[in-house]
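I opened this one to look up a few things and jot them down as I went. Here are my notes, in the order I took them.

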Amino acid sequence: MSDLVFSGVQPSAASVHIGNYLGAMKWFVKLQEQFPLMVCVVDFHALTSVDKRGELRSFSQSLAATYLALGLTKDSTILFRQSDIPEVCELTWYLACQFPLGLLERATAFKDKREKQEQVNSGLLFYPILMAADILLYKATKVPVGADQKQHIEMTREVSEKFNYRFGTTFPQPEPLIDKKTGIIPGLDGRKMSKSYDNFIGLFETEKVIESKVKKIVTDSKGVDESKDPETCNVFSLYNHFATEDEISELRESYLKGGLGYGTAKMELFRVIMRELSPIREKYTYYMSRPREVETILEQGAEKARIIALKTMKEVKEAIGI
Ligand code: TYM
């Protein structure tokens, strides 16, 4: 079976953050040159947390504009919105009937959210099955994601195996593509960058907000003259992802030597972040001012996705005997 790469991001906020960008999205652009690629705006997933009327549509539009701003093209990538292919919900049901409830309840993301939220909707419990349906509906074989999604891909493999065992080989065993270096991008407080920890830097926040967030990155309390450890520093850790090799070794030396305060290191980090993000931010503004163009790209993507989805659903129903 030839490889098909599939991934998705939730339109759960007005802007994705640099954890999403470095952990997964930046990678999509490289992958589109090597493999057939499908990238999805997973709005059904986002519905587990977005509850204001109209918000999901506007977040979806800005996520699609983000994909295009990053360099995904409609000719190399099938770019589409999850809810345009409702068969994914039908497949979710078929898969759910093969999956033990106990495993869903033990999913880390679900447990974390249950601990934090008073009211947990059942969508959160079914989240991994919907994600498995995303991947299996298109028979994707490779899934580029951040390390936090590893368990979800393992569940996808498991449900694929259970379905195949019961009804005959229908689905592949997709493998996660997780980059060791960018698998977990730290946030301002050193924990994994995440919207729910409110420790993120949004790709499209104003320059002023990004600067003030960079200034808030937590460091130890070493003075300017003291030697500092680059390996345990949150500022340096983010710098690694935006600076050139030369810049990284220069900053490492300054850390070790002493004489450089964290304030200066933070401004240097801010400079390299903006250097990389500025062209993306410009293109994002371009696409955001052309909603019709973006919508057409999503519609064309959905047409292509639907062809694959309907073919798989036909096989699935035949396999089950519906
Ligand atoms: P979402 O929107 O929560 O995250 C999108 C992608 O960003 C990665 N990510 C990170 N990577 C490194 N460091 C971080 N701090 C960080 N924060 C987020 C996530 O790992 C993810 O790759 N469940 C998926 C959405 C999804 C999906 C799919 C993905 C739904 N269906 C099918 C792949 C295939 C998610 O986490 O979205």
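I call a residue buried when its relative accessible area is under 20%, exposed when it is over 50%, and partly exposed in between. The model is a predicted one, and I kept that in mind throughout.

**Entry 1: helix α8**

I began by asking which residues of α8 are buried. I got H152, I153, M155, T156, V159, S160, F163 and N164. They cover an arc of only 165° around the axis, so they sit on the same side of α8. Then I looked at the face turned away from that buried side, and there I found E161, Y165 and R166, which are exposed.

Next I checked the length of α8. The helix takes in residues 150-167, and its 18 residues should span 26 Å at 1.5 Å a residue.

**Entry 2: around the ligand**

Then I went through some backbone atoms. G146 has a backbone N or O atom 2.9 Å from an oxygen atom of the ligand. At I185, a polar backbone atom is 2.8 Å from a nitrogen atom of the ligand. M193 also puts a backbone N or O atom 3.0 Å from a nitrogen atom of the ligand. How much of the ligand does the protein cover? I read off 95% of the 710 Å² of accessible area that the ligand has on its own.

Most residues other than glycine have a negative phi, so I made a point of noting exceptions. K139 is one of them, with a positive phi near 55°. I placed K139 in the loop between α7 and β4 (142-144). Its relative accessibility is 18%, which is under the 20% cut-off, so K139 counts as buried.

D198 also has a positive phi, about 50°, and it is not a glycine either. I found D198 in the loop between β5 (175-177) and α9 (207-215). Is D198 buried or exposed? Its relative accessibility is 58%, so I put D198 down as exposed.

**Entry 3: S194**

I stayed with the loop between β5 and α9, where S194 is found. With a relative accessible area of 9%, S194 is buried. I asked what the side chain of S194 makes a polar contact with, and it turned out to be the side chain of S196, at 2.9 Å.

**Entry 4: E295**

Last, I looked up E295, which has its place in helix α13 (residues 291-320). It is a glutamate I had to check for burial, and at 11% relative accessibility E295 counts as buried. I also checked E295 against A65, which is 230 residues apart from it along the chain. Their C-alpha atoms are separated by 9.5 Å.

Technical notes: Residues are numbered from 1 along each chain as its sequence is written. This is a predicted model: local features need pLDDT of at least 70, side-chain atom pairs count only at pLDDT 80 or more; totals for chains, interfaces and linings use all residues. Side-chain values use heavy atoms; hydrogens and water are left out. Helices (H or I, at least four residues) and strands (E, at least two) are DSSP runs, numbered from the N terminus. The expected span of a helix is 1.5 Å times one less than its number of residues. Buried means under 20% relative accessible area, exposed over 50%, partly exposed in between (1.4 Å probe, protein chains only). The arc is that of the directions from the helix axis to the C-beta atoms. A polar contact is a pair of N or O atoms within 3.5 Å; within protein, one must be able to donate a hydrogen and the other to accept it, and residues adjacent in sequence count only if both atoms are side-chain atoms. Accessible areas come from the Shrake-Rupley method with a 1.4 Å probe; for residues, only the protein chains shown count as cover.
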